[in-house]
Number of protein chains: 2
Amino acid sequence: MATINEHYLKLKAGYLFPEISRRVHTFLETHADAPLIRLGIGDVTEPLPAACRQAMVAAIEDMSDRDRFKGYGPEQGYSWLREKIAAHDYQSRGCDIDASEIFISDGSKCDTGNILDIFGNENTIAVTDPVYPVYVDTNVMAGHTGPANDLGEYAGLVYLPITANNQFQATLPTQNVDLIYLCFPNNPTGAVATREYLQAWVTYALAHQSIIFFDAAYEAFITDPAIPHSIYEIPGARDCAIEFRSFSKNAGFTGTRCAFTVAPKSLMGMTPTPGHEAVSLWHLWQRRQSTKFNGVSYIVQRGAEAVYTPEGQAQVQGLIRFYLENARLIREELTQAGFAVYGGVNAPYVWLKTPEGLSSWDFFDELLQTCHVVGTPGSGFGAAGEGYFRISAFNSRENVTEAMQRITQCFAS
Amino acid sequence: MATINEHYLKLKAGYLFPEISRRVHTFLETHADAPLIRLGIGDVTEPLPAACRQAMVAAIEDMSDRDRFKGYGPEQGYSWLREKIAAHDYQSRGCDIDASEIFISDGSKCDTGNILDIFGNENTIAVTDPVYPVYVDTNVMAGHTGPANDLGEYAGLVYLPITANNQFQATLPTQNVDLIYLCFPNNPTGAVATREYLQAWVTYALAHQSIIFFDAAYEAFITDPAIPHSIYEIPGARDCAIEFRSFSKNAGFTGTRCAFTVAPKSLMGMTPTPGHEAVSLWHLWQRRQSTKFNGVSYIVQRGAEAVYTPEGQAQVQGLIRFYLENARLIREELTQAGFAVYGGVNAPYVWLKTPEGLSSWDFFDELLQTCHVVGTPGSGFGAAGEGYFRISAFNSRENVTEAMQRITQCFAS
């Protein structure tokens, strides 16, 4: 008799975004003509940079010629891509990261989930609250938690609240935690981390032999030169952090699929059995990827490589400026309408306090019904997100402007 | 203190193909000019079908226009691709498979590894011996085995030998097994399964409430009309089998990356706790994929869709005929040279008995040193593969002909 992984049955309702889709779908069944504007899921809307498109067309041309045809590539990704990442994203910022420490993948969602494969089941795991749901759900699926309570909090996880009360910066845990998820610029709150704040986490992790999972998917939105783009800008991070990066939000690859994980060779985990021998996490991740993954499409890797050409860089900067201007508009309009608004400066997300004490989902429904605008309820990101709401800057200027006008008309105090 | 998944430390040496790479690399260090012919890894060599290339170029053009731009797609894959698969690969053969039961992915290697996520740790697992190493290694990594013995056999797995003695058809287990990996046309032996043989497995699985993992990555090479292409051609299979398919070997997508898994909605697994409630495996896999995966590149899915156009079908058939003609040449030449040869008729792999009682790795080294031909040692696929050797038909006609001449000269008896 084949048995299932019973931990899946602990998962609460649907994953956040499918639940949003369901509610929107239900609404549209009775309001088919409603001029819906979607500022919910953080999905890009603008065309793929021309440099990336041209590189992919050329790569397809390679596939027409048996001498240039590419079959299985290295599971870790082509070195020509990894070397550009190492030079541009790390070495140019003084980070001691080599191309051999970069693993190309098809997405940070996959990587942040799959990374748990190489860790033991004994670890105490800390997440911020609110948090990107994938971090929590993949731990539930791996059996690292007990059941959830009514607030959706899973027994066994250490939740570190991030709210307006602590400026959306989690207080360092007083107890011991072994694996720590940090995301900066933050999804969903749009907060960023100073060098000093990241240094405090690195110091904690080194002292406790913990590993930080640092999700930097939104680093391209940092405009303040004082804010680190990578955890490896912090001394000591090579010995305590794995970093996740993506081409989804800088170059608009959400539908094209390319990302990467950085696992420094100096990074060690311990065997759980008495004696606690140190084992290279780079080596384990390399084994995991070469056994359970077959590399990213050659065509897509060529597209990602083009991000590092002068044209690609200029085009990516154009996209970032565009979405940041949307974020600025959202901040200003909502502030004028009387909302308490956070984030949206070095990040594509604006995080707001729901008005009149409305719950996150009630505000979601009201915004959908009255303004025909879709956002993301803060409570979908965790119990401490209740009473907050995320507005994404990923949309056209027209849609953002129109959505802000509608919200202002409905809610202006 | 972050602990690691200690099960990884049970893995024997490297994954087979990295070990081959290592030996070839070492050889080339002292024989830089050796005219090496690689018939080792089962990687395609011929250009990507023009229909697929044209469709991908058009998809890239879509990405240049914000109205046609594609961001995040459905995690399960676009319905226009799933519907064509369901109609062409299943319904046309009388298989009761719906588009909603198909999950598009970036590779069968990933899928056959990831599928274990949704199953419990209590299952008894059966693999053939020899077998595609990913099935075994992913079970080791998931903690489903004890340590390996000197032959590389892991405690806790049920090995079903497939050798010339049983015509490479595993005898059904006498004990209870819960999860069963079957691969037809077989990698590495090139054997195929008759309808009657598959029916015996389905009957076994239904009787034991087992689940069959049916890897049909090589189905396109079946030319005998009596041989099933899908397990779902067998009555009852909807209730006991998950099927894995790929565009890698039919349309040459090894470097382009697209595959799919079929999980029928009628398929159930049981909770491990007393009472044993039935849970939909489709639902668990859907949850797994929507939480840990973000879909395949839109561009690549458009390329896969083109496989189902009349031009795409003709071009794929041309590729299949080409590689099968290579396989025929390999079979004939090696037979004339005195080798005992198997497979290579409805499959792109020829499986031979090593001469003079040489071990598989000794024959590998001899072939490399004397003929400058790379193959795959049978023992790399399992203990019962010792004394066998795999030759892949994936190469140019010139290279196959040249390799056979060299082998014939060295080994002709």
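**Entry 1: domains of chain A**

I noted that chain A is divided into domain 1 (7-47 + 311-411) and domain 2 (52-309), with bounds from an automatic or database domain assignment. I recorded that this is a predicted model, in which local features need pLDDT of at least 70, side-chain atom pairs count only at pLDDT 80 or more, and totals for chains, interfaces and linings use all residues. Residues are numbered from 1 along each chain as its sequence is written, chains are lettered from A in the order in which they are written, and side-chain values use heavy atoms, with hydrogens and water left out.

I looked up the contact (heavy atoms within 4.5 Å) between the domains of chain A: 37 residues of domain 1 touch 49 residues of domain 2. The buried area (accessible area, 1.4 Å probe, that two parts lose on being put together, summed over both) is about 3,500 Å² between these domains. I found zero salt bridges between domain 1 and domain 2 of chain A; the term means a side-chain nitrogen of Lys or Arg within 4 Å of a carboxyl oxygen of Asp or Glu.

**Entry 2: chain A and chain B**

I then turned to the two chains. Chain A and chain B each give 85 residues to the contact. Together they bury about 7,100 Å², 58% of it on carbon and sulfur atoms. On the chain A side, A:Met1, A:Tyr72 and A:Arg287 lose the most area to chain B, together 12% of what that side buries.

I counted six salt bridges between chain A and chain B. I also looked up A:Arg66 and B:Glu46, whose side chains form a salt bridge at 2.9 Å, N to O.
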